[in-house]
Amino acid sequence: MNKAEIVAGLRGMGLGIGDKVLLHSSLISLGKVDGGPEAVIDAFLEVLGKEGTLLVPVFGALGILTDTLKNRPDAVISPCPKGTLAAVGADAEAICKDHWKAATAHGADTPFTRLADMDGYICLLGVDQDRNTSLHGVEALLELPYLSDTVGTFTTPEGETITKTWKYYPGPHRDFIGLDRYYREAGVMKIARIGNAQVRLIKSKDLFDIGMMIGSEDPAFVLCDNPACADCVRQRAAIFADRMDKESFKLTASAKLAGRYVPEMVENLKRAGIKFIELDYIQGKSCASMSEEKLQRAVAELREEGIEISALSTLVAPNDAEKLVNLVKSAGITRLILPVGAEAAGECAAAAGLEVAFRNINHTALNCAAFINNCREKFAASACFNPAAFAKAGEMPFLYSYKAGRFIKTAGQLDIVDSTWDGAAQELACGNGEVKEMMSILRCHNFSGYFCIGGGYDYPGTLEEAVEDFVYLLDNM
């Protein structure tokens, strides 16, 4: 290859005088070039002319072509330690100026979005979308929940040393490669061969417009589906947790469904993006029968990992209510779920300052409601509505139980579980529990209590599968 051939190739792709181009590159992809990296840079600058501008990323070891442009005496370096660019040409200063002052490193009012506003191009020379830094700008504009803050200390052009935080900074793995087909199918990206290199050329504005459209519909659009990719699993969990934060209810999960041991529970809850756990069983043993020391240790381990306790629950009325209450309080748990009928234990717990809820197990709606209303005349109590148990009792949970028991006034939790009339546990919305209908009506009332996946009943699968079912229901109501 020589400079003239590279110039011809770039012009053949549509580049010309006055254009502005952000170049991501691999020199080795071209093959042997007479004049080396300087010839490649000179070829771009000849095509763009004095009126044009060439930019390259220089925030790391990104290849010899980036270093070549950066070290030119007329190069302008964007004054920001994050997402730094070097530029040569007529608009170099305008594009790079005050980069550090932007709220993000790649989003609004940065060189990446300014290039789009100025109708500039992105050129991928011998590299794929995985090297396309502007896609981080798309993420930043979307303010995706898995992005984090980053801090940097640097010296401004005025000589002031400052420390600043930039928001919505990219993390680890991305599947930017998977976006390539969208740009090809939209017909906005040219692909040609120069030397041995496959070269992609796309208007920056088109890249942002299409990326924003896709990302608005699917916030996980640049995350891979590989279950073994811990980075993308974690980032998907952050998206789900952010979605749940926007709901009026709080999402929790049964410890029994989350795992047998606390570390397993933590891992599964984090993979799912669930921040709360209802302690019912640990290692197959009822949490209500654990020693204070073991329960305190389990709670401390969960909280150290950022998992909060929504309640301790038991399906059996305790023989010694005071002992159970002391156990709960010693672990710093503030809420206790008891079976309907355990009035004495509920009164003892309420007197000790605990929140009390009663779960239906083998009860009809009318009997359950009568019991809870009777308790509420003596102490504060709420209903933990278990649709699977009402179905097992022969009732239609939404069409009859919820309305007959007027649970709109007393419900503090909905168990996200399902069963058939004969009591067989089912996947969500595959039994007679009318789970979808119950979820929908409570969301209509901006229900501020808990939705508990796996609460008070078996689920025929894993927590991950239960969450998938739950999300499917949310997406289809």
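Trainee: What conventions apply to the numbering and the values?
Mentor: Residues are numbered from 1 along each chain as its sequence is written, and side-chain values use heavy atoms, with hydrogens and water left out. As the model is predicted, local features need pLDDT of at least 70, totals for chains, interfaces and linings use all residues, and side-chain atom pairs count only at pLDDT 80 or more.

Trainee: How many salt bridges does a search of the whole structure find?
Mentor: A salt bridge here is a side-chain nitrogen of Lys or Arg within 4 Å of a carboxyl oxygen of Asp or Glu. Searching the whole structure by that criterion gives 26.

Trainee: Which residue forms a salt bridge with Glu46?
Mentor: The closest N and O atoms of the pair are 2.9 Å apart, and the partner of Glu46 is Lys3. The two are 43 residues apart, with Glu46 in helix α3 (residues 36-48) and Lys3 in helix α1 (residues 3-12); helices (H or I, at least four residues) and strands (E, at least two) are DSSP runs, numbered from the N terminus. Glu46 is partly exposed at 35% relative accessibility, where buried means under 20% relative accessible area, exposed over 50%, and partly exposed in between (1.4 Å probe, protein chains only).

Trainee: Where does the salt-bridge partner of Lys270 lie?
Mentor: Lys270 pairs with Glu305, the closest N and O atoms being 2.8 Å apart. Lys270 sits in helix α12 (residues 262-272), and Glu305, 35 residues apart from it, lies in the loop between α13 (292-304) and β14 (308-313).

Trainee: In what order do the eight strands close into a barrel?
Mentor: Two strands pair if DSSP finds at least two bridges between them. The pairing in this barrel is parallel, and the order is β10-β11-β14-β15-β16-β17-β18-β21.

Trainee: What angle does the direction of helix α15 make with that of β16?
Mentor: Strands β15 (residues 335-339) and β16 (residues 355-359) run parallel and are joined by five bridges, with Ile337 opposite Ala357. Helix α15 (residues 343-351) packs on the sheet and touches both β15 and β16. Axes are lines fitted to C-alpha atoms, for helices over the stretch in contact, and angles run from 0 to 180 degrees between N-to-C directions. For α15 and β16 the angle is about 160°.

Trainee: Which residue in the hairpin of β6 and β7 takes a positive phi?
Mentor: Seven bridges join β6 (residues 148-155) to β7 (residues 161-169), and the strands run antiparallel. Thr153 has Thr163 as its bridge partner in β7. Five residues stand between the strands of the hairpin, and the residue with a positive phi, near 90°, is Gly159.

Note on methods: Contact means heavy atoms within 4.5 Å.
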